[in-house]
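Please open the model in a viewer and keep the selection panel at hand.

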Amino acid sequence: MRELYSSVTSVLHPASPLARDIGNLFWVTFWISAVILVLVGAFVISNMIRFRDRGDDDALPPQIRGNTAVEITWTVIPLAILAVVFVLSMGTMARVTPRQDAPVDIEVTAHQWWWEVHYPGAGVTTANEIHLPAGRPIHVRLSSADVIHDLWVPELGRKMDAVPGHGNSMLLEADHPGVYLGACAEYCGAEHAWMRVRVVAQAPGDFQRWLSAEAQPKPSPTSDLAKEGEGLFANKTCASCHVVQGGPKLPASVVGPDLTHLRSRATLAAGVVANTPAALRSWLADPDAIKPGSYMPNLHLNGHELDALVAYLEETP
Ligand code: CUA
């Protein structure tokens, strides 16, 4: 678990022009607020000291009613500050949001509790990992299959809600190849906290190689155990919810993650455990033990069936 989440994920460590733009806006707002806090704090404290009760004066202080100059001042100064922050915010929002007519690079559909990631140009679908080429802004189209979720990769860009029946757009960009961690940022039910996403930024050539590999169907299994697993995948109803391109049959609608190239992914269950054969076996044996409340059912598979399914799903892609 630790090695999956060892890197720092923070808006204060921006790794893209978009995130730096948002970070700069944060720092401008922070320093304006800090100056106001210090000025107001100093004024309040100095007045508390200056006008404290010294026990020697019971007379009423002068009774003042209204002061036009003061009222105009404390209206105009905040208005001016808010106008500056407003204009800066509008500029940042315009820069970190794609034009609506720009071509969509990646379609992300949020599900309880995982991310479906689709590359419309290549016909590739994967889950819980967004691969993208580093060095250019990527137009991500977001929607949801059930409730409202929110995609947030703090180092790479803004947050954006994934709303059922309503497409939203955002840009993601990474300066350099690397892995950037993100999460769902809108409470969406029992496993909201385990709706992690990994953005894998790659050199453009590496990204194209990855995309080409993902576009291939799963090769037919070679070992007897894996062949048996392929049969179980169809008969034990796995194939009712999960797509395996080149596998037994295709489900009518997307319920669970596409498992064609499951082996190529770093984690299982949207980031709960590292993707190893042993972890996959535990997951299949009792999903609730790893991710309570997930919609993956416990199919009460016996030990041999578990081995066969793991052999099928984890065989070299
Ligand atoms: Cu999905 Cu919170």
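How many disulfides does the structure hold? It holds zero, a disulfide being a pair of cysteine sulfur atoms within 2.5 Å. This is a predicted model, in which local features need pLDDT of at least 70 and side-chain atom pairs pLDDT 80 or more, while totals for chains, interfaces and linings use all residues. Residues are numbered from 1 along each chain as its sequence is written, and side-chain values use heavy atoms, without hydrogens and water.

Select Cys241 and Cys238. The sulfur of Cys241 lies 8.7 Å from that of Cys238, the closest cysteine sulfur, which is too far for a bond. Cys241 is partly exposed, at 27% relative accessibility, whereas Cys188 is buried, at 5% (buried is under 20% relative accessible area, exposed over 50%, partly exposed in between; 1.4 Å probe, protein chains only).

Strand β9 runs antiparallel to β6 (residues 149-152), joined by two bridges; pairing requires at least two DSSP bridges. Here Trp152 has Ala183 as its bridge partner. Six bridges join β9 to β10 (residues 196-202), also antiparallel, with Arg198 in β10 as the partner of Leu181.

Finally, select helix α2 (residues 68-96). The buried residues of α2 are Val85, Ser89, Thr92 and Val96; they pack against α1 (17-50) and β8 (168-172), contact meaning heavy atoms within 4.5 Å.

Notes
Helices (H or I, at least four residues) and strands (E, at least two) are DSSP runs, numbered from the N terminus.
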